[in-house]
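Dear colleague,

I am handing over the structure we spoke about, and below it you will find my notes on what turned up in it. Please read them with the model open beside you.

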Amino acid sequence: MRKITNEELGRPTAEEFAAMDKMPVAVVLDNIRSLQNVGAFFRTGDAFAVERIELCGITATPPNRDIHKTALGAETTVPWRYHASASECVAELRRAGYALHAVEQVEGAVSLDAFRAEPGRRYALVFGNEVAGVDQAVVDLCDGAIEIPQAGTKHSINVSVAAGVVLWHFFSRLRPER
């Protein structure tokens, strides 16, 4: 078995990536405090070709050395916008026709393995603060919630790891054509 070189992977250039179809998913970051987590969201967002990332509240914005350390340049390929609050962002996405889902442990949450993303629909996925999760006022504005099933002793996983799990689930069903 031989490792494949970066050239053999056939990844698009930044210009080709900007022009290609994206997965119909916007990622909303509600008060993410870790710059490394923000960078990881950008890198994962690039890998799964999300439409954009919405940075809200205390969530740091590029350019930032610590975000870049984890994003490795994806902060320049994934479109992003800043909002003073996640509530205003979610309200704007609702007006734009997105189905809004908090990735959170709440009453009535759908287990990720049971959630079926529908082709032709646009989604906004809200990920919350590393300690407090998605703010309750933002949860109240969402159409529903998605929970990642877990079997261990901890009640949650790292928010950027959760993004990888959830975005892969959506990508496996809504993968854009290349």
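**Salt bridges**

Arg121 and Glu118 form a salt bridge in which the closest N and O atoms are 3.9 Å apart. With a salt bridge counted as a side-chain nitrogen of Lys or Arg within 4 Å of a carboxyl oxygen of Asp or Glu, this pair falls inside the limit. Both partners count as partly exposed, because Arg121 has a relative accessibility of 37% and Glu118 one of 44%. Please keep in mind throughout that this is a predicted model, and that the values below are computed from it.

By the same rule, the count comes to 10 salt bridges. One of them joins Arg81 to Glu54, and here the closest N and O atoms are 2.7 Å apart. Since Arg81 lies in strand S3 and Glu54 in strand S2, this pair ties together parts that are 27 residues apart in sequence.

**Backbone geometry**

The peptide bond from Pro62 to Pro63 is cis, with omega near -5 degrees. Pro63 itself is placed in the loop between strand S2 (50-56) and helix H4 (65-71).

Asn31, although it is not a glycine, has a positive phi of about 60 degrees. It is found in the loop between strand S1 (23-30) and helix H3 (35-47), and with a relative accessibility of 26% it counts as partly exposed. Leu72, another residue other than glycine, likewise has a positive phi, near 50 degrees. Leu72 lies in the loop between H4 and strand S3 (80-83), and at 55% relative accessibility it counts as exposed.

**Helix packing and surface**

How do H3 and H7 lie relative to each other, parallel or perpendicular? The two helices pack at an angle of about 15 degrees, with their axes 9 Å apart. Angles under 35 degrees count as roughly parallel, and H3 and H7 are therefore roughly parallel to each other. The crossing in which H3 passes H7 is right-handed.

Helix H7 (residues 159-174) also holds Val165, which at 34% relative accessibility counts as partly exposed. Together with Ile157 and Val161, Val165 makes a nonpolar surface patch of about 200 Å².

Finally, Arg94 lies in helix H5 (residues 86-95) and, at 39% relative accessibility, counts as partly exposed. The C-alpha atoms of Arg94 and Glu147 are separated by 21 Å, and the two residues are 53 residues apart along the chain.

Technical notes:
Residues numbered from 1 in each chain as written. Predicted model: local features only at pLDDT ≥ 70, side-chain atom pairs only at ≥ 80, totals over all residues. Heavy atoms only, no water. Patch = residues over 30% accessible without salt bridge, like charges linked within 9 Å, V, L, I, M, F, W, Y side chains within 5 Å. Areas by Shrake-Rupley, 256 points an atom, 1.4 Å probe, with all protein chains shown as cover. Helix = DSSP H or I, 4+ residues; strand = E, 2+ residues; numbered from the N terminus. Buried < 20%, exposed > 50% of the residue type's maximum accessible area, 1.4 Å probe, protein only. Axes fitted to C-alpha atoms, helices over the stretch in contact; angles between N-to-C directions. Parallel < 35°, antiparallel > 145°, perpendicular 65-115°, else oblique. Left-handed = near helix turned anticlockwise from the far one by under 90°.
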